[in-house]
Amino acid sequence: MPAALYSPHLEEVQIAQEAAWGDAAAPTIGMAGITSCRMTPNVNTSQIVDKRASTMPAYIASVNNLSGEVDMSGIVTYTQVQYLLNAMFALDAATPFTYIAALAPAAPVTNNILYGQSGLCYAMSGAVMDKLTFHGDTNGPLTFDAHWFGKVPVALARVALTPPAVIAALGGQTKLYIDPIATAHGTTELTLTAFSFDFEMTNSRAPVWHLGTLNPDNYKHGKWGGSLRLVVEMTAATKAYLTAILAATVEPVGYNIRLMAAGGGTTNLTMDFSGHLLEAPIMFTDQDGVTTAELTFSPAYSSQAAMLSCYKFSNVAS
Amino acid sequence: MAEKDEGQLLTEERERAYRERIAELKGQAKPDAPKPPPKPKVKEKNG
């Protein structure tokens, strides 16, 4: 009996950065550090239950519309994180790769995402990223979860690409800074404080269908959203923040928060967030016997001169 | 060449605004340009 033809161990992820939305450019980038990928075709079909003097379930069926989704997770690397940021914000081709959430929508890089293995690959073109989350903790590399929507996946031959050698961004390299929303990011470092973070960004982009097409033939932009959740040790500085937050009577306190991973050489990933603490902090939690607080911030515009946005990123690849 | 429609012009304007802001931020991220080395002092010879 022949061996099974396909094996999940042979799967890989390759992407193209499309020059125009949905141009289905052949992949040119072999992605390293991807730990999970799920490609979901959305094939919206229906049977028409018409009246034809019969007890048969249906006689007519139709394909109504098509689309696709990709959910991808992996580790954050200084070498390739710009491909995710290009898709979330807009193309930057030169280090220091720099991004902001634009007040008026700037066109993101759209992708053709290929997933599979030799002889069994599918690709979703016109992939528009609408959600990107970075996680960090004290136990290894920073990780990401990303979501794209696009056209329905189609079979595509894999390209002979080798993922490059990458440098992972680690929790052990990541620093936390918290400042009032009117003060520049990165002014006040809180050492010996942060245990973990979840930095979630959404942009409310969505596919658009017009008459004359089954696949989406355009996409639309929406408002930026998301949250930043910090798990921090209860220190004197944390207590001061908590007290200020709880003492607010007119509007919630706004903060400029920076998470910065500084790797070897010149590698450096800076994640800047501006937001309000809308949800009440969860007090007196504990992590392995240390009293902590969980703070969840909602993004907001910061008029601080170096920010002028709710999200700003910089990545120095090498 | 066909005239650009309103949508194209608006898109280009937004792209330009975004690019200008990114260029500004990249400028801020770069370290100050190194100062030129001081000119060597030349001793004037007497006589």
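Pro164(A) sits in the loop between strands β9 (154-155) and β10 (174-180) of chain A, where strands are DSSP runs of E with at least two residues, numbered from the N terminus. This is a predicted model, in which local features need pLDDT of at least 70 and side-chain atom pairs count only at pLDDT 80 or more, while totals for chains, interfaces and linings use all residues. Residues are numbered from 1 along each chain as its sequence is written, chains are lettered from A in the order in which they are written, and side-chain values use heavy atoms, with hydrogens and water left out.

How exposed is Pro164(A)? Its relative accessibility is 37%, so Pro164(A) counts as partly exposed, the class between buried (under 20%) and exposed (over 50%), with a 1.4 Å probe and protein chains only. Leaving aside neighbours within four places in sequence, Pro164(A) is in contact (heavy atoms within 4.5 Å) with Gly30(A), Ala32(A) and Gln80(A).

Now to the meeting of the two chains. Here are two pairs with their distances.

| Pair | Kind of distance | Value |
|---|---|---|
| Pro164(A) and Met31(A) | C-alpha to C-alpha | 7.9 Å |
| Asp92(A) and Lys26(B) | salt bridge, N to O | 2.9 Å |

That salt bridge (a side-chain nitrogen of Lys or Arg within 4 Å of a carboxyl oxygen of Asp or Glu) is the one that the rule finds across the interface of chain A and chain B.

In contact there are 21 residues of chain A and 10 residues of chain B. Pro96(A), Thr98(A) and Ile100(A) supply 35% of the area that chain A buries against chain B, more than any other three residues. Together the chains bury about 1,200 Å², 58% of it on carbon and sulfur atoms; buried area is the accessible area (1.4 Å probe) that two parts lose on being put together, summed over both.

Key: Helices (H or I, at least four residues) and strands (E, at least two) are DSSP runs, numbered from the N terminus.
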